[in-house]
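Welcome, and please keep the model open beside this report as you read.

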Amino acid sequence: MDKLIIRGGAPLRGQVEVSGAKNAALPAMVASLLTEESIRLHRIPQLGDVRTIIGLLNHLGVSVEGRDREPISLRADRIDRFEAPYQLVKTMRASVLVLGPLLARFGRARVSLPGGCAIGTRPINLHLAALEKMGATVSLDAGYVEAKAPRLKGARITFDGQTVTGTENLMMAATLADGVTVLENAACEPEVTDLAALLNRMGARIEGAGTPTISIEGTSHLHGAEHEVIPDRVETGTFMVAAAITGGDVTINRCLPYHLEAVTEKLRETGVRVEETDCSIRVVGDGHVRGVNIRTHPYPGFATDMQAQMTALMSIAQGSSVITETVFENRFMHVNELLRMGADIKVVGTTAFVHGVPTLSGAPVMATDLRASASLVLAGLAAQGITTISRVYHLDRGYESIEQKLLGLGASIERVAE
Ligand code: EPU
């Protein structure tokens, strides 16, 4: 297992290019299950989670070419298994995305229940209830969900809570269903819109993606397509906070600033300067930020995936801030580690009360989940002295070439084998 050693205190300066979005890449790759023709995808990042989904797709019989270079091609013309095993689903919940496509195209799927994860219980009841509404028979057996349906039928589905992968799963299932499906209270995240764009290129008829009402007219057959996934808005936001927390000057290129409006607004409220073009964001800090209150929400609200990074920033802000997590019930795992670096934070239920301290001090800390790890890297970059972060595999699940990118901005960061 690798660890990262960061010597903090240097303001980050320079330019960095953002990678393709993990959470758009995963469903795009899974969408290949909907056709026997080839799907070519550009800007798929090299990440732990991408390798996991390739492992799962290979297991099902999908051939994958170009996994180490651009573009990646996936072809599902020889599917001979219909099961996502526990070993894969437990390491990455997004594996449940295969449920809808397998069921829609082959009439059956068996997917391990994900169980708990570091950020909460994260059930898939909303995915299952919606598939049942489309005529699937769903049963539970030995920790697995078994779903069957000779042909899914279009239905009107109102989600009892917004779910990103639930919306994606159902949208994919509905493309091959008989008739029209309308998803109400659908997730509006840019990754959902990006998946709809790919599916429409494959011959699907989807309207309204990016709004709470998505309508999908089913068809009997989808075909091959080529698509470039959107830039990673969470990686972009993480570099924005890196500039702010170190009092640096960083320009993030090849991003989509309009996906980050809530983050940009909050950072401006802290006093840092944020300048945007159509495809780049420059963040200029002077080492001083004001405490601001944050409440996470589904898109276009402040993303839960940016909460941990902002908590790190608030830990050195002037004044206090109140950070409320409304999406996941247990997403403050980074706080205990930040306390070890000298932060002053109290968590009560799903709210963190942060009193800014003048400076953090480097310490050995442990990564607990993906975004928590990012917040520890940010804290380490700002801290006095050396921070050692262990269990870096969490970070490698979602940040491509993180230390190379930070080195390019002048950070002192090194990866060593534990
Ligand atoms: N929920 C249910 N039942 C369901 C589905 C969800 O109760 O059937 C609850 C969840 O427990 C949670 C809330 O609904 O409290 C929202 O969960 P959602 O389903 O939207 O999350 P997800 O689809 O599992 C995706 C991202 C996450 C991101 C969330 C929220 C992917 C692969 N994952 O997860 O990304 O935090 O949406 O925006 O797209 C990450 O990248 O670090 C990450 C965790």
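## A glycine in a loop

Does Gly66 count as buried or exposed? Gly66 counts as buried because its relative accessibility is 11%; buried means under 20% relative accessible area, exposed over 50%, and partly exposed in between, with a 1.4 Å probe and protein chains only. You will find Gly66 in the loop between strand 4 (63–65) and strand 5 (72–75). Helices (H or I, at least four residues) and strands (E, at least two) are DSSP runs, numbered from the N terminus.

Leaving out residues up to four places away in sequence, Gly66 touches Pro71 and Ile72, where contact means heavy atoms within 4.5 Å. Leu41 lies 25 residues from Gly66 along the chain, and their C-alpha atoms are 9.9 Å apart.

## How to read the values

This is a predicted model, in which local features need pLDDT of at least 70 and side-chain atom pairs count only at pLDDT 80 or more, while totals for chains, interfaces and linings use all residues. Residues are numbered from 1 along each chain as its sequence is written, and side-chain values use heavy atoms, with hydrogens and water left out.

## Two domains

The domain assignment divides the chain into domain 1 (2–19 + 231–417) and domain 2 (22–228); such bounds come from an automatic or database domain assignment. Their C-alpha centres are 30 Å apart. At the interface, 24 residues of domain 1 are in contact with 21 residues of domain 2.

## The ligand and its shell

Which residues are closest to the ligand? They are Asn125, Thr163, Thr165, Asp305 and Val327, out of 22 residues that surround the ligand, each with a heavy atom within 4 Å of it. The shell divides into 9 nonpolar, 7 polar and 6 charged residues. Here Ala, Val, Leu, Ile, Met, Phe, Trp, Tyr, Cys and Pro count as nonpolar, Asp, Glu, Lys and Arg as charged, and the others, Gly among them, as polar. Both domain 1 and domain 2 supply at least three residues each to this shell.

A polar side-chain atom of Thr163 is 2.7 Å from a ligand oxygen atom, and one of Arg371 is 2.8 Å from a ligand oxygen atom. For Arg331, the distance from a side-chain N or O atom to an oxygen atom of the ligand is 3.5 Å. The ligand alone exposes 820 Å², and the protein buries 86% of that; these areas come from the Shrake-Rupley method with a 1.4 Å probe. The elements that give two or more residues to the shell are helix 1 (22–30), helix 5 (125–133), helix 6 (164–175) and helix 12 (370–382). Helix 5 provides the largest share, 3 residues.

## Helix 9 and its partners

Helix 9 spans residues 261–270, and its buried residues are Ala262, Val263, Thr264, Lys266, Leu267 and Thr270. These pack against helix 8 (233–246), strand 16 (273–276), strand 18 (294–295) and helix 10 (307–314). After helix 9 comes Gly271, with a positive phi near 110°.

Thr251 lies in strand 15 (residues 249–253) and is buried, with a relative accessible area of 15%. Apart from neighbours within four places in sequence, Thr251 contacts Gly14, Gln15, Val16, Ser280, Ile281 and Arg282.

Thr351 belongs to strand 21 (residues 351–355) and counts as buried at 15% relative accessibility. Setting aside residues up to four places away in sequence, Thr351 touches Val322, Ile323, Thr324, Phe332 and Lys346.

Conventions
A polar contact is a pair of N or O atoms within 3.5 Å; within protein, one must be able to donate a hydrogen and the other to accept it, and residues adjacent in sequence count only if both atoms are side-chain atoms.
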